[in-house]
Amino acid sequence: MRVLYLVVCAAGAAADVGRFVALARDDGWVVQVVATPSALDFIDVPALERQTGRPVRSRYRKPHEPKPPRADAFVVAPATYNTINKFAQGIADTYALGVLAEAPGLGIPVVVLPFVNEALSARTAYRRSLRDLRADGVRVVLDQDGGDPWRRALGELRAATAGSLEG
């Protein structure tokens, strides 16, 4: 069983994240959706829970609650300016950022699919964050040729996990 944590941030594309869930499931992944607190207003939580068969997580579990399965890989999509910068700086002020913060140090593959507007993507802080994430081994999928961003993210996930997981 390959477990993918899909970290969803508060961007318009979050409403369409079920498309990525379907692609990942078709590729053999068990998908655990982890939403930033703000993303909960952008996604259809009941629909994603039906689709994945798992609860959407957005907070740390209580001591009496069961532990979720360990992630074999992470995809952050859509990844916002805020989450990208916090992830790069090691800020773990939400459950989503907390689980992400550990992933590179544990050698768990991470793919980030930014959904950032032109003004924010021009900022030095953002470009520095992308560089820092890449230095930690995080794969960043930028929109170079248009097309389907969800399929590009799945392709990067496959490349990031090739040979490292049973499939």
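Does tyrosine 95 count as buried or exposed, and at what relative accessibility? In this predicted model, tyrosine 95 counts as buried, at 7% relative accessibility.

**View 1. Tyrosine 60 and tyrosine 95 form an aromatic pair.** A pair of aromatic rings is described by the distance of the centres and the angle of the planes. Five aromatic pairs are found in a search of the whole structure. Tyrosine 95 belongs to helix α4 (residues 95-106), whereas tyrosine 60 lies in the loop between α2 (45-52) and β3 (73-79), so the pair ties together parts that are 35 residues apart in sequence. Tyrosine 60 counts as partly exposed, at 48% relative accessibility.

**View 2. Phe20, Phe115 and Trp150 form a cluster linked by ring pairs.**

**View 3. Arginine 2 lies over the face of tryptophan 29.** The distance from the ring centre is 4.2 Å.

**View 4. Arginine 59 and glutamate 65 form a salt bridge.** Side chains of opposite charge can pair when their charged atoms come close. The whole structure contains eight salt bridges. Between arginine 59 and glutamate 65, the closest N and O atoms are 2.9 Å apart. Arginine 59 is partly exposed at 41% relative accessibility, and glutamate 65 is partly exposed at 22%.

View 5. Arginine 19 meets aspartate 16 with the closest N and O atoms 3.6 Å apart. The salt bridge of arginine 151 and aspartate 148 has an N to O distance of 3.6 Å. Arginine 151 is exposed, with a relative accessible area of 53%.

Conventions: Residues are numbered from 1 along each chain as its sequence is written. This is a predicted model: local features need pLDDT of at least 70, side-chain atom pairs count only at pLDDT 80 or more; totals for chains, interfaces and linings use all residues. Side-chain values use heavy atoms; hydrogens and water are left out. Rings of Phe, Tyr and Trp (its six-membered ring) pair if their centres lie within 6.5 Å; planes under 30 degrees apart count as stacked, over 60 as edge-to-face and the rest as tilted. Helices (H or I, at least four residues) and strands (E, at least two) are DSSP runs, numbered from the N terminus. Buried means under 20% relative accessible area, exposed over 50%, partly exposed in between (1.4 Å probe, protein chains only). A charge sits over a ring if NZ of Lys or CZ of Arg is within 6 Å of the ring centre and within 35 degrees of the ring normal. A salt bridge is a side-chain nitrogen of Lys or Arg within 4 Å of a carboxyl oxygen of Asp or Glu.
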